[in-house]
Each structure stands twice: as C-alpha cells, then as structure tokens.
Amino acid sequence: MGNAVLRREDPDLLTGAARFVADMAPAGTLHVAFVRSTMAHARIGSVDSREALGVAGVVGVFTAGDLDIAAQPLFIMLPPELSRLPLTDKARYVGDPVAVVVAESPAAAADGAELVVVDYEPLPAVTDPFAALAPDSPIVFESHGSNQASELKLNAEAGSLSGHDLVVSGRVVNHRMSAAPIEPSAVLAVPGVGDGGDGVTLWCTTQRPHDTRDVVAAALEEPPDRVRVIAPAVGGGFGAKGSAYPEFVVAAWLARRLGRPVRWVETRTENLTNMTQGRDHVHDLDLGLTRDGRFCWLRMRVTADVGAYPGIGALLPFFTMTMASGPYRIPAVDFESVSVITNKAPIFPFRGAGRPEATVSLECIVDLAAAELGMDPAELRRRNLLAPDEFPLTTPTGANMDSGEYARCLDLALEAAGYEDLRAEQALCRARGDRRLLGIGVSAYVEVTAGGLFQEFGSVTVEQDGTITARVGTAPQGQGHVTAFGQILGEVLGVAAERVRIICGDTAEVPTGQGTVASRSLQVGGSAVWTAANEVLDQARQLAASLLEADAADIVVAPGGLAVAGVPARAVSWAELAAAAATGDAESGGEGSSGLAAEVDFDQGEATYPFGAHVAVVEIDADTGDTRLLRHVAVDDCGRILNPMLVEGQVHGGVATGVSQALFEQSLYDGDGNPRNTNFADYAIPAASELPRFETHHTETPTPLNPLGAKGIGESGTIGSTPAVQSAVLDALAPLGISHLDMPYTPQRVWRAIAAAESAARASR
C-alpha cells in the first residue's frame, strides 16, 4: 500500500470488454420508452394509446392506473403525502413519466411513445423557491398544503452572536447542475432470480445495489431475496445513480407481468431532463468579526429548491449546516434552512452533496470580509484556521472532527502557486491598465465523508486453488475499487494481483452493503476487507504453525503463502492452507463451516473530515467577458494515501467538476418550468482543452477512526475548487467595483457586469 499501482479495471474499459447495461439483450428482450410530461404542472386527463398500439412491434402501453404499485416515499423522514408513483396521474415537472410503451425493438418503442396522446389540464407552475413559499403560490402537492418540504434550525445560544466590531453580509447562489454521467440511466429486468423461479433480476446503473433491491422489492411487495440487483460496468455516478429510479420499478414490474426481459436505456435528452440534479441553494449570510480579523460568529439562512419530489435532497441542508463553519474557529453558528418543492426535476446528492454549497458561501463571505478589512484574503484565513492541537473537536454545528492540519495545506498551496509573485504580477497589470484582468483566488475547506454511513460488509476467502476472493458491499463506477482492495489483500496476505478476485455490486453474491456514496468506499469498505484479511491471516498462522511444527508467533507472510521467519524453505502455500482448513472443518464435523475465511461488518463509528486548500488563477478579457482558468493548484489531505494514482484521478475529476460549476455548467428553466438546455449543445460540459493542467499536491494526516488511516477523496476536489475559482474571478473584477457576481461566470454574464460597472463609472465622472 502507498504505491502507484496501475488500475486493474482499465484494460476491459479501454478494449470494450466491459459490459454495460446497454450491451445486454437476452433472447426475447422487450424494450421500453417512457411517455414524459411536456408540462411542468398539469393534471393528466386521459391517455390515448390507440395509434401507438398500431405501430408494428408495440406490445402494450401502460399508464399509472395499470400498475398495481403503491406509491413509495423517496425518503423516510418526509410525510407520506409526498410519496411518488412510478407513473404519475399528475405531472409535477417536465419529464415526469406518464406512460410506458413496450415493444420488440427500441425504435418501435420510441415510435409508439411519440404517438401516445396525453390530455393535459394545465396548472400554474412555480420554479422560484421564494415564490413557492408565498401564500398565493400554486401548490405542487395539494394534500400537503404547502410547498415547504422540511425545515432545519440550529439556533445559537442567546447572546453568543456578539463580540464583533463589524458584520459582513451577502447572498450566495449555488445554482442547479446536472450530474451528466457519460452513461445515462439504464436497467435490464429479467424474470426470475438465479437459475429461475419467482422474483426478478435487475442489471442497472446504480451506486447502491442493496438499496435499489430494497426499494424495488418494497414496490413489488416482494421479500428482498426475490429481487436480485447487479451493477455491471457503470459509466459514472457522481451521486445521481444513488437513487432507485421509478423506471427501474416499472421495468421490474413489466418483466414479471409479461414474463420476458425488459430493457430501458435513457437518451441524453431524457437524462438532462429526468435524472436527479444537484445544488440549487440560495444562502443569506452574516459574518461577525473583529477589526483584527478574528471571526466571532456566523449566521446562515438556506433556501433549498428540492424540485418536484422532495427525497433525500430535502436532507442535504443538514450537511450544509454541519460544514457551515468550515475549517475555521467560529465560536457560534446560527443556522436555519427550508427545503422547497418546485416544478423542476428532483434534487439529489451530487458530488459533494451539501458540502460544496457550504464552502462556496463561507469562502465568499470570508473574501468580502477581507476586502472590508483591507486584509490579504489568505492572511485572514490563516488567522482563523483551527490548529492541529485542537483535534479531535466538536464544532458548534455538531461536526465531530477527527484530525487536521489546515494551515499546513494553505501554506503549501500558496508556496506551490508562488502567491507573492502572482500578487506582484497582478499589481503591475493593474498599474498598466491592462484589459486582460488577472485574478487570484484562494480557498480553504474541510468536508465530511462517510457521513451517516459508517458500516460496511467485507469478507475474504482463500479458495482451494490458493486464490483469494474478497466480497465487499460497495459498487464502483470508475473509482478503482478492484485495484484498491487488491492492494489491501496484497499488503496483508502477500498475494499477487492476478491471484485476487474482488466481488461487488451483486446482491446475490454480497449479503449486505451500503454502496458507493459519500466518499466512503476505501475508508469503510477497504477497512472491512483489511479487517477480514487480518482475521484470515490469524487463522492461517495457526494452521501453518501446525503444518510446519513451529510457533504461530514465528509464522510470517511469504510469496504465495506463509513461512517460518528466517527459514524461507519451510513454507506452505495458500492452496495447502485452504486444504488444511477444509480438512480440519470436515474432521471436526464442520458442516456449514467456511474453511479459511472471515467476514466482518466493519463499523467506523464516525465520519472523517478531509481538508485542503486551493489556489486558482484566472484571466478575464474585459472587452468580451471571456474568462479563462490559467492555473489551478490543489492541496488535498485525505489521510493516509493507499494508491497515489487513484487519488490523483479522483482529485482531477473533482476539480474539473468544481471548476465547471464556476465557469460553465448550469441547468436552466424558464418561468413555466420548461428545461432550456437538454443536450450537450446547450448544456456546457468543458472539454480537456478548456481546462489547464491541474497542479496537485497532498499532505497526509491519518484518521484514528479506521485501521487504514484513510479519509475520503472522491468529492474533495469539487469542494475546494469552486470557491477558489469564484474568488479568482471576483478578485479580477474588484478594481471595477464589482464585489459579487453569481456563478457560472459565462462570457455573457461577466461582460454584462463589466459593461454595467464601466458605464456607471463613466456616468459618475
């Protein structure tokens, strides 16, 4: 462990050997296409499928009334009247599934869906969360009586918002984004489980196979063991595939009803319309501080637009609250949030899930405070960062932070960027009156990983041929689990990578699992594998001691097995150990014994808190508004690093996502709830050519919470990068008198701000 081992997953992905859901079509497969609402808010009068049924190859058309599936609540903490039907009789956003067409081919299904005529009774739509809370607003769920899904309050003690010399205030918008994975959602449902029988098997694009199994089983009113869920190769998740989509339930129901395999593969337009989206918070903040730059208190008010179906998206402000004080020593935090239902696609966790929103807002208000004080923004941060000797600690928002060296990361980021030289260059550019505006942005962040998901299953078995099989309850979408878990087994048992098999993403093979979300896989799933492997090693040492007539304390790991320390000729292979274990089980009447194997449910007990600091350098063309990221320096600390190559990959992807939020991406809706960018011609995903080479560095501050010392890394780059770029853009615009501008910083938005500022300056002369 600790070495940059090449990813074992890549050859299959690069050569096309990996199988995705769209590659699977068993004999007799039926294909489905969904008829989706073209209105953001409307009652469904009638659905006329006569023309659709006349299309060659169309087998049937089903509506909400045809499916005997009860409404399933999207999140247990929400009231039952907010439950969602897999096919709706009232459209609540454009893209809401109204009917499903089943056909012998994808083309016939699509043609049939085009011919289904839906009679809509239009209702007023609401797309602004503040308007949705007004007394006269249209109500998305009439039975609920309001558009408020939930609220959260953590009010500071009376008198604690004091001791300050000044208060800095601001409003920060974390706009809506699409996850836009390279592979959209897909499902193949096949009647029967395993070799046949009742139930249904689903191959689907999911980050959480066991959770998907449970949701589908509940919808079908089946016990969980009659639903098998398999996640094959999955082309990206980013949180949005952590949900069991209604389409999965419909496919399972149809497969059982029709007795044939049923497949649905989402189109890109469907994906950008229907897949859950992220962010969409408005934060109003006040920061109280002293004239010498000491933070005294923070007030944060969050208005969260959770879209049409308020599932776990309504809970995300909890993570925003948890991370509200960031890496800083802020004695008091007063927090309130409200989650609001609107006629837009549902909100769900997206890379960072509540933590980027907190960091973007906090870092923005810190920059405003630095400007107010006339202090360098890096220096203001340094004065307030928590020190290493303060850990472990509990913050005013209840975050139980494990370990941190925040100032070390900030100093390394500033040094790597050449911060003082950059400021000197910027001063020269401004003195010359350059029309190319140079901006330098700094961010410091801390985030929470494995929040609320501290447990994971892991097992290790030595097979009769001496190979090692590990089962783990996480399911990868490109993170490198097979490589990482293989490294752990190599470290503990000394086995070569080609002698290791990792099984995950199959509910029939792995009895339980929390899945791949919240940057938890290595720290929790990896620790489960580590613990199980060490239990196997302890068993094997006892066996080897008996076989080699040595003391168990003298048995050490050797190539291909175990040996007596200092006597490599006295060794026994893993195959021999497995055989000895099996013989011992038989001799002791061990019916049902597991041989040389161990399984554990590892419980970390708490979340971990990765952290870091980023520096961004941007250049803005004042005549066109074109904003380019010239450099991005990222220093991230994820505890002990298992494989630097995997960590780099996660950081690069995370930074690209965060930069894209600042400069490119935004899911747009008009006032009637119509999505305005539902393809990649309109939804701006940056290419590699539009991003600089990221300059990445790392510190290692191990956590004491797991045996690996590891924290999460999958979302850290996203959380640190967006506020750094935001800071850099506003720093470039500051000489024009522009103190704030909402993201994303598109050329049009930046140009308009510059033009307005320069026009106002001319008018005041």
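Start with the second largest pocket, which holds about 760 Å³ of space. A pocket, on a 1 Å grid over the protein atoms alone, is an open set of points with protein on both sides within 12 Å along at least five of seven lines, while a cavity is a set where a 1.4 Å probe fits but cannot get out; lining residues have an atom within 4 Å of a point. Grid points are joined across faces, edges and corners, and the volume is the space filled by probe spheres set on the points.

Before going further, this is a predicted model: local features need pLDDT of at least 70 and side-chain atom pairs count only at pLDDT 80 or more, whereas totals for chains, interfaces and linings use all residues. Residues are numbered from 1 along each chain as its sequence is written, and side-chain values use heavy atoms, with hydrogens and water left out.

Back to the pocket. Its lining has 28 residues, and E9, P232, A233, P476 and V482 lie nearest the centre. Helix 1 (10–15) and strand 21 (500–503) each supply at least two lining residues, and strand 21 gives the most, with 4. Helices (H or I, at least four residues) and strands (E, at least two) are DSSP runs, numbered from the N terminus. By type, the lining divides into 15 nonpolar, 6 polar and 7 charged residues. Here Ala, Val, Leu, Ile, Met, Phe, Trp, Tyr, Cys and Pro count as nonpolar, Asp, Glu, Lys and Arg as charged, and the others, Gly among them, as polar.

Buried means under 20% relative accessible area, exposed over 50%, and partly exposed in between, with a 1.4 Å probe and protein chains only. Helix 13 (residues 481–493) has 11 of its 13 residues buried. Its end C-alpha atoms are 18 Å apart, close to the 18 Å expected; the expected span is 1.5 Å times one less than the number of residues. Just after helix 13, G494 takes a positive phi of about 70°.

Which residues of helix 12 are buried? They are Y419, L422, R423, Q426 and C429. Seen down the axis of helix 12, these fall within an arc of 120°, so they line one face; the arc is that of the directions from the helix axis to the C-beta atoms. An α-helix has 3.6 residues a turn, so residues three or four places apart point the same way. On the other side of helix 12, E420, D421, L428, A431 and R432 are exposed.

C429 brings us to the cysteines: it is buried at 11% relative accessible area. A disulfide is a pair of cysteine sulfur atoms within 2.5 Å, and the count is 0. C638 is in no disulfide, with the nearest cysteine sulfur, that of C409, 10 Å away. C638 is buried, at 2% relative accessibility.
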